[in-house]
Amino acid sequence: MNLYQDIKATAQAYWITLRNMFRKPVTIQYPEQKRVPFERYRARIVLTRDPDGGERCVACYLCSAACPVDCISMQAAEAEDGRRYATWFRINFTRCIFCGMCTEACPTRAIQMTADYEICRRDPLTLVYEKEDLLIDGPGKEPDYNFYRHAGIGVVNPRGQGEEERPPADVRSLLP
Amino acid sequence: MPEWLVTTILILVKLGFVFFLLLTGAAYMVLAERKLLGRMQLRYGPNRVGPFGLLQPLADAVKLVTKEDFIPSQADKFLFFIAPGIAAVTALLTFAVVPFGPPIRLFGREVPLVICDLNIGVLYFLGLSSLAVYGVTLGGWASNSKYALLGSIRALSQLISYELSMGLAIVPVVLMARSFSLTNIVNAQAGLPFAILNPPAFLIFLVSVLAESKRIPFDLPEAENEIVAGFHTEYSGMRFGLFFVGEYINVIILSSMVTVLFLGGWHGPLLPGIVWFFLKVGFISFLFIWTRGTLPRLRYDQLMHFGWKILVPLALVNVIVTGAILLLLNPAKG
Amino acid sequence: MPTLTIDNQTVTVPDGTNVLEAAQQLGIVIPHFCYHEALGAVGSCRLCAMKFEQGPVKGIEMACMVQAQDGMVVSTVDAEAQELRAAVIEWLMLNHPHDCPVCDEGGECQLQDMTIAGGHGIRRYRGKKRTWINQDLGPFIEQEMNRCIQCYRCVRTYRDYCGGDDFGVMGSRNRVFFGRFKEGKLESPFSGNLADVCPTGVFTDKTCRFRSRSWDLQEAASICPHCSLGCSVIPGARYRELQRVRSGINRQTNGFFICDRGRFGYGHVNHPERPRTPKLQGADAAWPEALQLARRRLTDIAAKVGPEAIALLGSPRASLESLALLHDWAKQLGGARFCGDPQPGRDRAARQLTALLGSRARSLEDVRRSDCLLLVGSDPLNEAPLLGLAVRQAARRGARVIVIDPRPVELPCNFQRLSTGPEELPQRLEHLVSTTEPTDDLSTLRTLLHQAERPILCGGGDLLGEVGIRQLAAAADHFGTGLFVTLGGPNSYGAALLSGDGPDADQLCEEMLAGKIRALVCLENDPLADGPQRMARALGKLEFLLILDHAPNRLSRQADVFLPTTTVAEGSGTLVNNEGRMLSFSTVFNPGIPLGISSEGGHPPRSFSPTTAGGEPRPAWAVLAQLRGENQSPEMIRRKLEGRDSRFAGLSLLDPDGEGQRVRGGGHPAGSHDQSFPHPAPEGSLPLLVVEQLFGSEQLASLSPALDAVQPDPQVLLHPETAAARGLKEGDTIALHTELETFSLQLKLNAAMTPGLLLATRLRDTPLELFAPGSPTPCLVGKGGGDA
């Protein structure tokens with residue numbers, strides 16, 4: 001019967017809310033009580049270094065292209081040894097939505113997200129992080145990876161002596 | 001001390017008591033609602049200001065008073081000014097006729113615990129609740145905003161529709177109590193409350209009162225996900241605060257009316273009358289909050305359909321049935 | 001006109017079209033590397049495989065190598081073809097270093113696109129990759145051979161299309177190297193095109209190395225402002241800095257390629273010394289103040305002395321819109337003097353051309369398709385490089401090329417040279433037309449021109465001058481050939497059309513010296529560098545000088561009022577190229593001091609500012625409209641000009657991505673003018689001919705730091721016999737005495753020179769800048785002397 005069903009459903013609804021009133025709230029009382037984030041929690045972004053201590057970021061602009069809110073900007077430049085690096089690198093955390101697309105896009109594992117979620121500030125300008133604020137001393141996740149060991153442009157090892165490379169070819173050789 | 005002076009002083013004292021009670025009551029209703037809703041949703045609700053968040057109403061008041069008082073440039077300034085006042089004052093005035101306890105003896109005289117025992121108290125209540133519509137309607141109209149106007153139109157039609165069923169639900173009470181005076185109605189329930197004697201009238205009245213208070217599930221006039229905030233869209237600061245306080249005073253008044261008309265007012269065993277009265281009012285207020293935590297909002301056509309096609313006919317039938325039964329039971333007095 | 005079916009769609013294509021092009025016409029994209037519209041198909045990348053199901057060819061074939069024929073039924077989505085393409089792209093990627101993050105091509109890389117389109121995503125090959133040692137190819141092109149996929153586009157562009165011979169392919173089997181035999185600067189003036197054609201990052205633009213990704217660049221269709229051909233270019237800007245220029249596609253003008261001057265000459269836009277604020281006698285001022293003062297002074301002079309006392313001097317690098325406003329302003333002032341070009345010789349030549357060109361006008365595409373080309377007084381590689389490229393294409397198709405020029409002209413193709421003195425050019429042309437006295441060398445030329453189907457006479461406006469162009473047009477009439485004459489600047493033709501038979505800059509100079517002209521308005525020109533030689537003296541007589549310019553102008557500090565304007569890349573407008581083709585350009589970015597200059601180390605500021613630093617320059621048309629007290633948009637100006645002057649009909653409908661449209665109707669030659677030298681040539685003097693050079697002569701490109709590396713040293717050329725007669729030898733520093741100035745230059749001997757002629761290139765910021773290009777000056781030669 002329709003009316004019976006309706007009344008029963010309404011009564012059930014009232015019962016559920018009433019019962020919930022006497023259950024323990026799930027709220028975490030934030031400043032006193034802090035949640036332990038998961039390992040892959042997406043919060044404050046850092047720039048990591050490769051295992052040899054060099055900056056991993058090659059300023060390829062992929063993170064800034066992937067960023068849906070356009071909060072990453074940088075300028076690439078060439079160092080004397082041919083290494084491509086960022087002369088300046090800026091993340092505007094007031095705009096960042098911590099979606100993690102930048103870390104997904106990063107081909108060198110330079111840009112990574114940490115679990116440090118407590119980065120609220122009163123002054124928005126203090127949330128505009130520059131390269132010196134972002135760069136950390138360690139390799140972060142994937143500690144053994146160094147992009148330049150694999151890209152054959154010869155920065156950390158001489159040309160043709162990378163991990164998957166043969167020595168430079170000699171065009172004048174007649175040998176097969 | 002002349003007789004008239006004592007009467008005046010007594011009335012003023014009662015007025016002060018009621019004012020204080022109503023305003024603090026309304027303020028703490030807000031807190032209670034937020035806490036209870038929080039618990040129903042497995043949260044704590046406000047618990048930062050004072051112990052258990054008890055000073056939250058004070059903080060809210062300070063916030064509302066210090067906020068910018070914004071008036072839309074195209075608004076009708078005069079009406080915009082007085083509309084929140086109308087809403088709050090009509091709500092407050094209704095309490096004048098509510099008897100909140102049995103008469104007590106004070107300084108050797110019988111003092112009725114009602115500010116003014118009008119012999120047409122029921123009509124006074126109906127009249128004021130009709131006037132309350134003006135606060136909402138004028139506020140929405142004077143704001144000169146689409147959403148506010150839509151909200152006030154909704155409020156107008158909703159309040160008028162449900163006033164009808166509310167009025168019709170009171171008719172059996174008046175028939176049974178044979179009086180328009182609220183004190184007499186309470187006294188008529190010394191034995192059994194009318195809620196038990198005439199449950200259909202009680203339920204119809206309860207639903208109509210929910211609708212009159214413009215609260216969930218009947219909060220269409222301020223449905224925030226449809227029309228921003230309805231009639232008070234353009235109000236800010238203490239002007240919004242008056243609408244807000246008015247709504248919660250209204251909840252208390254309407255709970256009192258339910259108590260007086262159907263739950264036997266101050267009558268109850270063991271405890272003093274005044275305590276019974278406030279317990280009953282508290283329970284009905286809790287019912288309001290509980291409903292808000294439970295039911296979703298009606299669709300507009302459902303609201304009108306329910307009012308006009310179910311409640312009003314039901315109330316009419318109830319009036320006739322009650323009248324007929326009373327006539328059968330008591331043919332001599334008829 | 002064969003009709004064939006590709007993927008169930010039927011298409012009819014012209015004869016000789018290959019199946020890949022036919023598929024492109026249907027909008028079907030097939031991965032390909034070696035095919036390029038300008039280079040043709042060679043079938044070396046093996047990527048455009050399609051399945052031929054019915055018709056004369058059957059099975060899997062390379063679409064670019066199969067001519068479309070009637071009855072063909074082709075499938076591009078056939079499983080077998082797709083599998084082959086996926087396998088081929090995987091092979092191509094075997095040795096690719098996967099270094100996209102540090103590769104400038106990333107984002108606009110055809111290899112990236114085609115790899116994904118071909119269906120290859122994960123590297124399966126576990127073997128090692130071949131590597132190379134790179135070469136330093138000079139200041140323009142960066143090489144990274146590891147990325148090479150052997151599509152041969154670079155050699156085909158550099159050697160076949162552009163005619164360079166210092167770059168090629170070496171090696172065998174999987175050791176194929178594309179580069180120079182020895183490290184060094186690429187010599188072709190079209191080397192920049194390697195960056196455009198290379199489908200991956202082997203050759204990239206060194207001047208914008210690691211600056212930007214393609215997706216970050218603000219790009220728009222624009223027109224190259226560095227010569228009169230009006231090549232289509234696509235400048236790219238980021239952080240308020242013009243960072244690179246790449247070639248646009250306009251099949252009527254440049255085709256697919258541009259020269260290095262157009263590609264790397266963009267530095268003037270970012271020049272640190274570019275004036276960016278209005279100035280009142282050298283002191284910075286606000287726009288309203290400067291505009292108001294200029295307006296008041298001009299109206300005062302017009303009221304006091306009369307409107308003829310105001311001269312408005314346009315420029316061949318100003319847009320048609322601003323020139324039209326200036327021209328109209330002259331009328332509005334009640335008859336002020338208007339002249340479109342500060343250089344009288346070029347001005348008169350351009351006006352003569354507009355009057356005579358008519359239906360003889362030919363485009364660069366016509367030049368490429370011509371079968372006989374006669375170049376008179378034209379040195380394409382130095383004056384209009386893309387003409388040289390077009391001549392090469394004609395020669396590749398079998399056209400005969402003959403050059404009549406006093407200079408040791410070089411072309412990227414075989415040609416026959418008929419040497420002559422600079423003043424004899426008109427006579428030679430006259431001889432060519434007159435059939436009565438045939439000389440030996442001209443008679444064969446006459447026969448050739450008569451026999452050819454699509455002959456074109458090309459000329460250089462500088463050397464030919466007014467008279468020469470008249471003769472050239474007469475010759476074109478006589479032989480029924482086309483006419484293609486290069487002019488001084490990107491809008492010389494437009495300026496000439498508007499100038500009509502008005503005064504030229506010489507006349508204005510005279511009137512200024514006579515005190516008739518009291519006020520001068522210079523629109524985007526530097527009258528000291530490009531005007532008549534008397535200009536410096538004449539400027540001193542002025543009461544009021546107003547300069548509008550975007551380049552560092554010598555007069556910006558002396559002018560009573562200086563108003564900064566925007567460059568071509570920073571505004572929109574129209575230029576009329578040397579064949580009378582109106583080409584419109586659109587705004588690439590808004591002006592402002594580049595971040596790299598305005599802030600420390602290029603780091604953007606951390607504070608907010610409501611205004612852009614250095615964002616004050618406004619388009620010249622906007623400034624002129626404001627000077628006239630009006631508010632006009634370029635569309636309004638175009639529509640008004642169309643309405644006023646039917647020659648510009650269609651101007652408002654021009655599409656910057658389109659091919660442009662020829663003006664309808666010609667102009668007027670300038671009024672008669674005494675061309676004799678003021679003084680007879682002194683005894684023993686030689687004519688000194690100062691001509692344009694590819695790098696260093698054009699004003700805007702000379703401001704580009706990217707071209708500093710290729711800036712030639714100032715030197716003077718002489719025929720060995722003439723040198724020997726005067727006891728001079730190669731490498732001597734010789735003093736040159738002209739009536740204008742005395743300076744010394746290093747001597748270089750060249751046997752291809754015309755005997756008895758001194759040839760120097762007009763380099764900016766040297767005394768040579770003051771000489772009008774193309775008109776010889778008598779010059780006494782002495783030995784020794786200090787440095788130039």
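Modeller: A definition comes before anything else: helices (H or I, at least four residues) and strands (E, at least two) are DSSP runs. Bear in mind that this is a predicted model.

Colleague: What do those runs amount to in residues 217–273 of chain C?

Modeller: That span is 9% helix and 32% strand, and its end C-alpha atoms lie 24 Å apart. UniProt, in an unreviewed entry, lists residues 217–273 of chain C as "domain: 4Fe-4S Mo/W bis-MGD-type". Such annotations may be inferred rather than shown by experiment.

Colleague: Which make-up does the chain have over residues 80–119 of chain C?

Modeller: There the chain is 55% helix and 0% strand, with the end C-alpha atoms 13 Å apart. The unreviewed UniProt entry gives "domain: 4Fe-4S His(Cys)3-ligated-type" for residues 80–119 of chain C.

Colleague: Why is the contact between Glu144(C) and Arg159(A) called a salt bridge?

Modeller: The rule asks for a side-chain nitrogen of Lys or Arg within 4 Å of a carboxyl oxygen of Asp or Glu. The closest N and O atoms of Glu144(C) and Arg159(A) are 2.7 Å apart, so the pair meets the rule. Between chain C and chain A the count is four salt bridges.

Colleague: What else is found across the interface of chain C and chain A?

Modeller: The rule finds 22 residue pairs in polar contact there. On the side of chain C that touches chain A, the elements giving two or more residues are β6 (129–131), β8 (168–172) and β9 (175–179) of chain C. The largest share, three residues, comes from β6(C). By class, that side has 14 nonpolar, twelve polar and 15 charged residues. Chain C and chain A bury about 3300 Å² between them, 52% of it on carbon and sulfur atoms.

Colleague: What makes β6 of chain A and β6(C) a pair of strands?

Modeller: Two strands pair if DSSP finds at least two bridges between them. Strand β6 (residues 165–168) of chain A and β6(C) have two bridges, in the parallel sense, so they count as paired. Pro168(A) has Thr131(C) as its bridge partner in β6(C).

Colleague: How do you know that β27 and β29 of chain C are edge strands?

Modeller: The open sheet has three strands in the order β27-β28-β29 (chain C), with antiparallel pairing. Strands β27 (573–576) and β29 (661–662) of chain C each pair on one side only. Strand β28 (residues 581–585) of chain C is joined to β29(C) by two bridges, and Arg581(C) stands opposite Arg662(C) in β29(C).

Colleague: Why does the contact of Glu32(A) with Arg48(B) count as a salt bridge?

Modeller: Their side chains meet at 2.9 Å, N to O, and the cut-off is within 4 Å, so the pair qualifies. The rule finds one salt bridge across the interface of chain B and chain A. It also finds nine residue pairs in polar contact there. The element α11(B) gives the most to the side of chain B that touches chain A, with five residues.

Colleague: How many residues of chain B are in contact with chain A, and what area is buried?

Modeller: 14 residues of chain B are in contact with 15 residues of chain A. The two chains bury about 1500 Å² between them, 60% of it on carbon and sulfur atoms.

Note on methods:
Residues numbered from 1 in each chain as written. Chains lettered and ligands numbered in written order. Predicted model: local features only at pLDDT ≥ 70, side-chain atom pairs only at ≥ 80, totals over all residues. Heavy atoms only, no water. Contact = heavy atoms within 4.5 Å. Buried area = accessible area lost by both parts, 1.4 Å probe. Polar contact = N/O pair within 3.5 Å; in protein donor to acceptor, adjacent residues only side chain to side chain. Nonpolar A, V, L, I, M, F, W, Y, C, P; charged D, E, K, R; others polar.
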